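Subject: Structure handover

Hi,

Here is the structure I promised you.

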Amino acid sequence: MNPALPLAALGLIDAAFSGFRAFAGRDARIRKARAVARAASRGLAVGAALLLVPVLTALGVLLSAHDGARTYAALSAGGTAFLLPLTLYAATVALSLTAYFVLPFRASTLAMVMGLGPLTLIRPLVVALACLNALADGGWTALLVGTVAGAAVLCVEPLVHRRWYAALPLPEPLGRASPA
């Protein structure tokens, strides 16, 4: 099995969620579907650009290999091993999101606080575990491509936040005179 398409799909879905997370809490409007869609599309665009880097890394590894078939097999095995923890993580996030959207208000808030919050925090650990799995099954070349892919995915949210949603300057505290 070639894991490239499922990995790309997971990476792009994660990028869209990263765009949303960069925006979350920045808009007090009640109806903000357009802003949420814009944030997700920004994350998707940044993620698509960043995910080209591991694709180019994999192509470089394959083109520079002495035994292309063996290197391809190692990258496939490493990619499949990389995919396993990410799939389990994505299924857990999907379950938590389903609970958020289906349950009544208080229970959905609990699902957000108990599920999605901690899942966001452990995301880098899941990527690190995926890299270790890639190393175990595919060797150093799979670790290289997996590490580049993991770094690309983890950089989407900070880049989107910095580009579009960085905090405005804080107003001066009351009682202080501004410099003339």
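Contact here means heavy atoms within 4.5 Å. Note that this is a predicted model.

Start with the cores. The largest nonpolar core has 18 residues. Leu-75, Phe-82, Leu-86, Tyr-89, Val-93, Cys-131 and Val-145 touch the most other members. Helices H3 (52–64), H4 (68–102) and H5 (105–164) each give two or more residues to this core. H5 gives the most, with 10 residues. Leaving aside neighbours within four places in sequence, Val-93 is in contact with Leu-116 and Leu-119. There is also a second, separate core of nine residues. Among them are Ala-15, Ala-39, Val-46 and Tyr-165.

Next, the packing of H2 against H5. The axes of H2 (residues 33–50) and H5 come within 9 Å. They cross at roughly 130°, so H2 is oblique to H5. The crossing is right-handed. On the H2 side, the residues are Arg-42, Gly-43, Val-46, Gly-47 and Leu-50. They meet Ala-152, Cys-155, Val-156, Leu-159, Val-160 and Trp-164 in H5. The residues of this contact divide into eight nonpolar, two polar and one charged.

Is Ser-18 buried or exposed? Its relative accessibility is 0%, so Ser-18 counts as buried; the cut-off for buried is under 20%. Setting aside neighbours within four places in sequence, Ser-18 is in contact with Arg-123, Val-156 and Glu-157. Val-156 is also one of the H5 residues that H2 meets.

Best wishes

How values were computed:
Residues are numbered from 1 along each chain as its sequence is written. This is a predicted model: local features need pLDDT of at least 70, side-chain atom pairs count only at pLDDT 80 or more; totals for chains, interfaces and linings use all residues. Side-chain values use heavy atoms; hydrogens and water are left out. Buried means under 20% relative accessible area, exposed over 50%, partly exposed in between (1.4 Å probe, protein chains only). A nonpolar core is a set of buried Ala, Val, Leu, Ile, Met, Phe, Trp, Tyr and Cys residues joined through side-chain atoms within 4.5 Å. Helices (H or I, at least four residues) and strands (E, at least two) are DSSP runs, numbered from the N terminus. Axes are lines fitted to C-alpha atoms, for helices over the stretch in contact, and angles run from 0 to 180 degrees between N-to-C directions. Angles under 35 degrees count as roughly parallel, over 145 as roughly antiparallel, 65 to 115 as roughly perpendicular and the rest as oblique. A crossing is left-handed if the near helix is turned anticlockwise from the far one by less than a right angle, and right-handed if clockwise. Ala, Val, Leu, Ile, Met, Phe, Trp, Tyr, Cys and Pro count as nonpolar, Asp, Glu, Lys and Arg as charged, and the others, Gly among them, as polar.
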